[in-house]
Amino acid sequence: MTGAQERGRHAGLLLAGFGLWALAFVHLYGTQALGCKLGWNEIALLGVLTLHRALLVALFAAYLAGQIALYLAMRRRITAATGFSYCVATDLAFAAFGASIFCFWGVLWLSPCS
């Protein structure tokens with residue numbers, strides 16, 4: 001692989017972590033709005049756990065697992081010969097994981113429909 005191809009691939013990786021965060025944002029809030037519209041918050045599964053809450057928590061957990069898997073996969077490939085942009089992309093993937101926890105943890109306790 002040439003130097004230009006390597007830099008181009010790393011440029012795409014710079015967007016990977018927050019690209020996954022953006023996908024989680026759209027998916028979680030789309031599911032939240034759809035669930036409210038369709039009344040999923042009124043379908044009880046186990047005691048106070050509703051279908052709506054279960055779906056939101058499952059999506060939250062799945063996206064967190066995807067983001068940590070992305071970070072760990074990128075982290076494993078870092079060597080002494082790895083370029084600066086790849087190291088920055090790895091750090092951005094971890095920052096996106098933290099941003100997801102900060103932005104989306106409300107699905108665990110906030111009421112989804114009001």
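Which residues form one aromatic cluster with Trp21? The cluster consists of Trp21, Phe25, Tyr29 and Phe104. The model is predicted, so local features need pLDDT of at least 70 and side-chain atom pairs count only at pLDDT 80 or more, while totals for chains, interfaces and linings use all residues. Residues are numbered from 1 along each chain as its sequence is written, and side-chain values use heavy atoms, with hydrogens and water left out.

The structure holds 8 aromatic pairs. Rings of Phe, Tyr and Trp (its six-membered ring) pair if their centres lie within 6.5 Å; planes under 30 degrees apart are stacked, over 60 edge-to-face, and the rest tilted. Trp21 and Phe25 are stacked, at 5.5 Å centre to centre with 25° between the planes. Both sit in helix H2 (residues 16-38), 4 residues apart, which means about one helical turn separates them. Helices here are DSSP runs (H or I, at least four residues), numbered from the N terminus.

Now the surroundings. Trp21 is partly exposed, at 22% relative accessible area. Phe25 is also partly exposed, at 38%. Partly exposed lies between buried (under 20% relative accessible area) and exposed (over 50%), with a 1.4 Å probe and protein chains only.

Trp21 has another stacked partner, Phe104: 5.9 Å centre to centre, 20° between the planes. Trp21 lies in helix H2 and Phe104 in helix H4 (residues 84-104), so this pair ties together parts 83 residues apart in sequence. Phe104 is buried, with a relative accessible area of 3%.

Note on methods. Helices (H or I, at least four residues) and strands (E, at least two) are DSSP runs, numbered from the N terminus.
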